[in-house]
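I opened this entry to keep a record of what I looked up in the model, item by item. Definitions are given where a term first comes up.

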Amino acid sequence: MDTLQPGQMLGSYRIIEQVGKGGMATVYKAYQPSMDRNVAIKVLPRQLAESAEFAARFQQEARIIARLEHPHILPVFDFGESDGVTYFVMRYLEAGTLKTKMEAGPLSLNEIDRLFTQLAEALNYAHGHGIVHRDLKPANALIDGSGNLFLTDFGIAKLLESASPRLTQTDAILGTPAYISPEQAKAESINQRSDIYSLGIILYEMVTGSVPFVADTPLAVILKHISDPLPPPSVRKKDIPEPIEQVILKALAKDPSDRYATASEFLSAWKRALEDGETIQRSPEPKSAPDSRTWTALDQTQGQPASAPSSVPSSSSKGLTGWVVGCLVVACLAFSVAGIGILFLNWQTPAFLAPATSTLFPTLTPLPPTQPPPPETTSAPNNTGEILLQDDFSQNDQWGTLTDADYSVEYDGEALRMKVFQQTSWFVWSTASDTAYQNIHIEVTATNNDGEASTAFGIMCHLQATSDSYYYLVMTPGGNYAIALTKEGETDLFLTNDDQWDHSDLIVENKATYRVGADCGNGRLTLYVDGQQIASVTDSTFTSGIVGLYTWSGENIRTADVTFDDFIVTTLE
Ligand SMILES: Nc1ncnc2c1ncn2[C@@H]1O[C@H](COP(=O)(O)OP(=O)(O)OP(=O)(O)O)[C@@H](O)[C@H]1O
Ligand SMILES: [Mg+2]
């Protein structure tokens, strides 16, 4: 019934043969005549199409999944529905999966490190785009002929869940028992820490040769994840160094809040543990893989002192009206928290943000062809407060500018453009005047030129005249945001989400242009995006200061390129 026959057409693809079957789907090798290439087609169960909720979500979710672009995520070329058959078209990979590789024999430490690094980086990237995998397991990590790993099936579990009333195969809905997190097993709401747990199980399996919980039935395995203590890896494999054991234990904490917050944090801890336990070598294979120590970004950040090393260059000729670049220490480590733990904020549209006229954003840099969002209009300020400072950047002389191999802040037409290149996790900011304001509302139109979803941009306020101390309120086109406090000599404190980046569904993802707003005053900091309140926190560390614009390159991202326009500061009602 669901089986497609060789030679049969599915959309514009000709089925060659069935190559695999999982819990819910069937995978076929097929030929795509237009591109003269073979592809893999994942066909979802036919009854899914009957679910109205599924049909509604399929397009939206599939588009998000298809947009993921990472060296270790299997590309999704296409998706569609044909005669009641819903399918994803992916790159075809001849070789096996991490599952078959592990079944073939124990992995060397070097091999574990290499594969785990690729897995964690792929996961970190997806989390940065607000996608939780939900079914992370070795069978979903394909491995090509060169031994490189490609994570697949992102978000499929979520799609299947959307049609859950029609699907009764418990294990398929919940994920895969051997790798399922306790909260997922309990059908509680999950976030990226659930993937961290599954990643921990994979690491446990790679290191010890077996998964921690086995039982006669899937249900018994699930119950063990919920309530059985974890058998320490060293019980299974005697010579595991203590630091590595500790890393695995933390990833597999029953309580999600005790786990690593992000995959990159997990990866950093693993790398540190490897170095600490460098003497171990459980396998006779020499440590020779050339790419097993290639991660400058994480090592850089983990080596940072606790305080933010800002102010790399000397200050500009305009005193504090200028620019500063530096590395966001907390952000370097915590950025990839991405999208989860979605906060449902009690938001409202403040009167002064009510949309009125439209402001066309500057057409300075054409978007690369892969970037889907066309230029959009955003609401222009219509503030009821008294205007304190207004700049459409037509004068080209007020803001601090900078031209450097690694950063630039420049006027570009009648706009201000900030770039970070050759650096990862670095920020740059610029200010317009030395005037200190208190109790203000600020707005700016920001255009993300290079389409990087994890570039953060926004507003800084209450910059102190005598130190590099201020607040910044920033968002990313991936839907993340933070309101943070920088105090010179101290690590940045994120006032939102327990010192982490957070994700908001209210930020429409991957638009080219956003109107970012901020309230700074009355002991409160509030971030707005496109007229919607995203988050609000109380903090009275600073009550007045200079205002500015802020851009951060994102973790593992080499460039940031943001154009700002229509900046306005008004009194806060
Ligand atoms: N892109 C691909 N290229 C080649 N073979 C693939 C591809 N994707 C999947 N396969 C094969 O198809 C098999 C079935 O995949 P499928 O995702 O349906 O099941 P699974 O991963 O084993 O379990 P689950 O249904 O929980 O995801 C895989 O184990 C793999 O051997
Ligand atoms: Mg799969």
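I began with Arg37, which is found in strand β4, residues 37-43; helices (H or I, at least four residues) and strands (E, at least two) are DSSP runs, numbered from the N terminus. The model is a predicted one, in which local features need pLDDT of at least 70 and side-chain atom pairs count only at pLDDT 80 or more, while totals for chains, interfaces and linings use all residues. Residues are numbered from 1 along each chain as its sequence is written, and chains are lettered from A and ligands numbered from 1 in the order in which they are written.

Is Arg37 buried or exposed? Arg37 counts as exposed because it has 12 C-beta neighbours inside 10 Å; the scheme calls a residue buried if 20 or more other C-beta atoms lie within 10 Å of its own, exposed if 12 or fewer, and partly exposed in between, with C-beta atoms placed from the backbone. I also looked up its separation from Arg91, 54 residues apart along the chain, and the C-alpha atoms are separated by 9.3 Å.

Leu93 sits in the loop between β6 and α2 (98-103), and with 17 other C-beta atoms within 10 Å it is partly exposed. Its C-alpha atom is separated by 8.3 Å from that of Val39, 54 residues apart along the chain. Not counting residues up to four places away in sequence, Leu93 touches Leu74, Leu142, Asp144 and Phe150, where contact requires C-beta atoms, placed from the backbone, to lie within 7 Å.

**Ligand 1**

I then turned to the shell around ligand 1, where a residue is near if its C-beta atom, placed from the backbone, lies within 6 Å of the molecule. Of the 22 residues around ligand 1, those that come nearest are Gly20, Gly22, Val27, Ala40 and Ala139.

By type, I noted eleven nonpolar, seven polar and four charged residues in the shell; Ala, Val, Leu, Ile, Met, Phe, Trp, Tyr, Cys and Pro count as nonpolar, Asp, Glu, Lys and Arg as charged, and the others, Gly among them, as polar. Why does ligand 1 lie between domain 1 and domain 2? It lies there because domain 1 (9-91) and domain 2 (96-276) both give residues to its shell, the domain bounds coming from an automatic or database domain assignment.

**Nonpolar cores**

The largest nonpolar core has 78 residues, of which Leu119, Leu151, Leu199, Leu203, Met206, Ala251 and Phe266 touch the most other members; such a core is a set of buried Ala, Val, Leu, Ile, Met, Phe, Trp, Tyr and Cys residues joined through C-beta atoms within 7 Å. Helix α3 (residues 109-128) gives this core its largest share, ten residues, and at least three residues come from each of domain 1 (9-91) and domain 2 (96-276). I recorded a second, separate core of 62 residues, which includes Tyr472, Tyr528, Ala560 and Phe564.

Ile112 lies in helix α3 and counts as buried, with 23 C-beta neighbours inside 10 Å. Leaving aside neighbours within four places in sequence, Ile112 is in contact with Leu107, Met206 and Val207. The C-alpha atoms of Ile112 and Leu203, 91 residues apart along the chain, are separated by 7.9 Å.

**Helix α11**

Ten of the 14 residues of α11 are buried, so the helix is largely enclosed by the rest of the structure; among them are Phe266, Trp270, Lys271 and Leu274.

**Two positive phi values**

Asn439, in the loop between β16 (426-431) and β17 (440-448), has phi near 50 degrees, a positive value in a residue other than glycine. Asn510, in the loop between β22 (502-503) and β23 (513-521), also is not a glycine and has a positive phi of about 60 degrees. Asn439 counts as partly exposed, with 16 C-beta neighbours inside 10 Å, whereas Asn510 is buried, with 20 other C-beta atoms within 10 Å.

Terms used. Two residues are in contact if their C-beta atoms, placed from the backbone, lie within 7 Å.
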